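Please read these points with the sequence and the coordinates open. They are meant as a colleague's notes.

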Amino acid sequence: MAPRGRVVVGVSGGADSMALLQGLSSLRHDLGIQLHAAHFNHRFRPEAGQDELFVANYCKQLNVPLTVGYRPGRKIKHLSEDEARQMRFKFFVKTAADLKAQSVALAHTRNDLAETVLMRLMRGSGLYGLRAILPRRSIEGVLFVRPLLGVNRRDVEDYLKAKKMPFRTDATNRLTVYERNKVRLQLLPLLAKEYNPQIINALSDLAVTAGEDYEFLSMHARKHFKKNVKISKSKVKMDLKGIRGQHPAMLRLMFRQMAESLTGGPAGFDFEHIHALENLVAQNRNAAMDLPHQLKAVKTQKFLELYYA
């Protein structure tokens with residue numbers, strides 16, 4: 001589904017984001033959208049300032065306003081993928097809120113989706129994790145959309161070549177100290193060569209199927225959730241008697257829904273957290289445990305409560 005209204009588009013200066021910016025710019029009148037570019041400078045790489053200037057100049061050519069965000073603090077020697085991603089998302093959420101934008105468009109491709117699925121398979125994942133990168137997702141009240149998620153990276157490169165569009169190349173994308181780069185540069189090519197030439201499509205199709213299955217189960221879990229869970233501003237309370245005998249898949253989904261009703265976004269639970277909650281509920285005594293996002297779970301004889309510690 002195409003974005004509407006005012007749309008913030010994340011632009012790093014790389015091939016994917018430049019293709020998204022150009023594509024949305026050329027279609028903005030047909031789509032009825034107002035574009036606003038957003039670039040986050042992590043101040044990590046020596047060429048980060050040049051990337052920012054490149055994006056600023058191109059946005060000026062397209063007559064697209066630009067907001068730039070910066071990582072606070074001094075120069076650092078290391079920045080993890082997760083830390084960098086969280087900084088960007090906070091910046092995008094704030095920019096969208098400040099501009100009263102309807103959505104934020106990001107340039108993830110089918111290849112990014114396949115890489116994420118494979119990484120989660122290696123770590124261990126259920127349906128929730130195998131959904132990987134969603135085409136539409138609300139985070140902290142902001143709708144994130146990914147228009148290129150069904151597009152192969154090779155198609156993006158062909159588009160840029162046809163349009164004679166410049167883009168920046170991030171040298172750190174070649175460093176295999178990062179897990180995603182190792183998957184992209186080493187593991188996926190090996191799997192494509194030795195096992196399945198269509199591995200990108202196979203993994204991305206798995207994500208789509210997992211997402212559909214998860215949504216189907218979630219619909220049923222939400223029905224039980226409404227009957228057995230009470231929500232207040234600071235606490236979520238589940239009636240344990242009402243959920244007795246439920247299938248474990250339903251309970252796991254309800255645990256996530258409890259946390260998400262407090263956090264307003266992804267719960268950040270992995271299998272270990274969900275399994276620990278299952279064990280907590282199964283105990284015959286009162287007990288408690290800590291969870292991500294500074295959440296605490298307390299089990300009494302009648303209820304399971306989640307709240308901020």
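1. Overall content. This is a predicted model. The protein has ten helices and eleven strands. Its radius of gyration is 22 Å, close to the 19 Å that the globule rule gives for 309 residues, so the protein is as compact as a globular protein of that length. Along the principal axes, the C-alpha atoms fill a box of roughly 65 × 50 × 45 Å.

2. Of the 309 residues, 46% are buried.

3. Six strands make an open sheet in the order 3-2-1-4-6-5, and the pairing is mixed. The edges are held by strand 3 (66-70) and strand 5 (136-139); each has a single partner strand, so one side of each is left without a neighbour in the sheet. On average, and with direction ignored, neighbouring strands here are turned by 30° against each other.

4. A parallel pair within that sheet. Strand 1 (residues 5-10) pairs with strand 4 (residues 103-105) in the parallel sense, over three bridges. In this pair Val9 stands opposite Ala105 of strand 4.

5. Helix 3 (residues 81-99) lies across strand 1, strand 2, strand 3, strand 4, strand 5 and strand 6 (142-145). Against strand 2, helix 3 runs at about 145°.

6. A second open sheet has five strands in the order 7-8-11-10-9, with antiparallel pairing. Strand 7 (229-231) and strand 9 (287-291) are the edge strands, and each pairs on one side only. Neighbouring strands of this sheet are turned by 15° against each other on average, direction ignored.

7. Strand 11 and its partners. Strand 10 (residues 295-299) and strand 11 (residues 303-308) run antiparallel and are joined by five bridges. Ala297 stands opposite Leu306 in strand 11. The two strands form a hairpin, with three residues between them. Strand 8 is also joined to strand 11 by five bridges, again antiparallel. There, Asp239 stands opposite Phe303 of strand 11.

8. Helices on the five-stranded sheet. Helix 9 (residues 248-263) packs on this sheet, where it touches strand 7, strand 8 (235-239), strand 10 and strand 11. The direction of helix 9 makes about 35° with that of strand 11. Helix 10 (residues 271-282) also packs on the sheet and touches strand 9, strand 10 and strand 11. The direction of helix 10 makes about 170° with that of strand 9.

9. Helix 4 against helix 8. Two packed helices are described by the angle between their axes and the distance between the axes. The axes of helix 4 (residues 110-123) and helix 8 (residues 199-228) come within 8 Å and cross at roughly 75°. Helix 4 is therefore roughly perpendicular to helix 8. On the helix 4 side, the contact is made by Arg110, Asn111, Leu113, Ala114, Val117, Leu118 and Leu121. Helix 8 contributes Ile200, Asn201, Leu203, Ser204, Asp205, Leu206 and Ala207. By class, this contact has nine nonpolar, three polar and two charged residues.

10. Two loop residues to check. Lys100 is not a glycine, yet has a positive phi of about 55°. Lys100 lies in the loop between helix 3 and strand 4. At 66% relative accessibility, Lys100 counts as exposed, because the cut-off for that class is over 50%. Ala132 is not a glycine either and has a positive phi of about 60°. Ala132 lies in the loop between helix 5 (127-130) and strand 5. Is Ala132 buried or exposed? Its relative accessible area is 7%, and buried means under 20%, so Ala132 is buried.

Methods: Residues numbered from 1 in each chain as written. Predicted model: local features only at pLDDT ≥ 70, side-chain atom pairs only at ≥ 80, totals over all residues. Heavy atoms only, no water. Pairing = 2+ DSSP bridges. Helix = DSSP H or I, 4+ residues; strand = E, 2+ residues; numbered from the N terminus. Axes fitted to C-alpha atoms, helices over the stretch in contact; angles between N-to-C directions. Contact = heavy atoms within 4.5 Å. Buried < 20%, exposed > 50% of the residue type's maximum accessible area, 1.4 Å probe, protein only. Parallel < 35°, antiparallel > 145°, perpendicular 65-115°, else oblique. Nonpolar A, V, L, I, M, F, W, Y, C, P; charged D, E, K, R; others polar. Rg over C-alpha atoms; globule rule 2.2 N^0.38 Å.
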